[in-house]
Amino acid sequence: MKNFLLAIFLFSSSLVTMAQHTNQCGIIIPPKSLRSNFASVYEAGGYINNISNRINWNQNFQVREQNGINNAYATIIGNQRYIVYDNNFLESLDLYAGTKWASISVLAHEMGHHYYNHMFSNSGSTPSKELEADYFSGYAMAKMGAGLEQAKAAMSQIASPRANASHPAKASRLNAIASGWNAAKGITHGNTTTRERRVPQQPQRSAPVANDARWIHLSLHGNQNMTVYLSDDGRNYTPARLNKNQPFVFMYEIYNYGWLRLGNNRNAGTYRLHHGKDYAIVWDRRMGNWTLIEI
């Protein structure tokens, strides 16, 4: 009997030791699962598409499986947004946390990095970026129907209790997830920071703020008015009426850039416009068509 109890103790201790191994981001690696319920990239892609639909965010992600990294990350390859994940890591995490919501929340966290355009910064991972992605994850999990504890299940198990240069401490991360979850449920406590923002339910055009250089000024140089088509995500376009010699002032809602088409079809001239720049639509007499130039 003593030997049996000793064996149980040693086995339990080994699980704790395994659970305390960390990856390069300081995330605790859960004990490896011997079963495989996370079917494939199709399942991961299904969760990501479902989250996008629940928050009305029309974004087309590429999903890639990369086992051995003990992590998941967001990246951009060839102007395409990717979410890369370790299938074994997510499997082990679900078993360790005791809920499938754990792996789904990790995918939502990586979507949050895309939503806030963290990949366009050269600073790499920072605590503030991670908290924004955690906030997005909490918001998305609420929209998916997860309870608050389910939304926090993954981070409760794998977040480091101490902060480092790239990642915040567990308590801060759980608070950010709870803030996002509460925001999705319409629960406010008056302590939302400026770094936390609610995921928009649908694209909106806000009124320009005086002297804010981020706004785009689009002008039409011609003899008649024109309708152009604007898109926040490069997929869904909405008409915008331009009056000749009168600037149209606007800002894209999802990223700090967006798309403009000169006609309502795929063959029309399509341009990417960036916040903080001004553009003009002019007639190119040599080519015999309308074109867009930066001014």
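**Entry 1: glutamine 59**

I opened on glutamine 59, which I found in the loop between H2 and strand S1 (62–65). A reminder to myself before going on: this is a predicted model. Is glutamine 59 buried or exposed? With a relative accessibility of 11%, glutamine 59 counts as buried, because the cut-off for buried is under 20%. I then asked which residues glutamine 59 touches, leaving out those up to four places away in sequence. My list reads Ser52, Arg81, Arg235 and Tyr255.

**Entry 2: the chain as a whole**

I stepped back for the overall figures. The protein chain has eight helices and eleven strands. It runs to 295 residues, and 46% of them count as buried. For the accessible surface I noted about 15700 Å², with 49% belonging to carbon and sulfur atoms. I also looked up contacts between residues at least 6 apart in sequence: 57% of these join residues at least 24 apart.

**Entry 3: histidine 114**

Next I went to histidine 114, which is in helix H4 (residues 101–115). Its relative accessible area is 0%, so histidine 114 is buried. What lies 2.7 Å from a polar atom of its side chain? I found the backbone oxygen of tyrosine 82 there.

**Entry 4: the nonpolar cores**

I wanted to know which residues touch the most other members of the largest nonpolar core. The core holds 48 residues, and the answer is Ile51, Trp57, Leu107, Met111, Phe136 and Met141. Several elements give two or more residues to this core, among them helix H2 (41–54), strand S3 (80–85), helix H5 (127–144), helix H8 (170–184) and strand S8 (257–261). Which element gives the largest share? H4 does, with eight residues.

I followed up on methionine 111. Setting aside neighbours within four places in sequence, methionine 111 is in contact with Ile48, Ile51, Ser52, Trp57, Phe61, Ile83 and Phe136. There is also a second, separate core of 16 residues, and Leu220, Met226, Val228 and Tyr252 are included in it.

**Entry 5: aromatic rings**

How many aromatic pairs does a search of the whole structure find? I noted nine. One of them joins tyrosine 115 and tyrosine 116 edge-to-face, with 5.0 Å centre to centre and 85° between the planes. Tyrosine 115 counts as buried because its relative accessibility is 2%. Tyrosine 116, at 8%, counts as buried too. Another edge-to-face pair is tyrosine 257 with tryptophan 259, at 5.4 Å centre to centre and 75° between the planes. Both tyrosine 257 and tryptophan 259 are buried.

**Entry 6: helix H3 and its ends**

I turned to H3 and asked which of its residues are buried. They are Asn87, Phe89, Leu90, Glu91, Ser92, Leu93 and Asp94. These buried residues pack against S1, S3, H4 and H7. At the N-terminal end, aspartate 86 caps H3, with a side-chain oxygen 3.0 Å from the backbone nitrogen of asparagine 88. What follows H3? I found glycine 98 there, with a positive phi near 80°.

**Entry 7: threonine 126**

My last stop was threonine 126, in the loop between H4 and H5. Threonine 126 comes out at 18% relative accessibility and therefore counts as buried. Which residues does threonine 126 touch, not counting those up to four places away in sequence? The two I noted are Ala165 and Ser166. Serine 166 is 40 residues from threonine 126 along the chain, yet their C-alpha atoms are separated by 4.2 Å.

Note on methods:
Residues numbered from 1 in each chain as written. Predicted model: local features only at pLDDT ≥ 70, side-chain atom pairs only at ≥ 80, totals over all residues. Heavy atoms only, no water. Phe/Tyr/Trp six-rings, centres within 6.5 Å; stacked < 30°, edge-to-face > 60°. Buried < 20%, exposed > 50% of the residue type's maximum accessible area, 1.4 Å probe, protein only. Helix = DSSP H or I, 4+ residues; strand = E, 2+ residues; numbered from the N terminus. Contact = heavy atoms within 4.5 Å. Areas by Shrake-Rupley, 256 points an atom, 1.4 Å probe, with all protein chains shown as cover. Polar contact = N/O pair within 3.5 Å; in protein donor to acceptor, adjacent residues only side chain to side chain. Core = buried A, V, L, I, M, F, W, Y, C linked by side-chain atoms within 4.5 Å.
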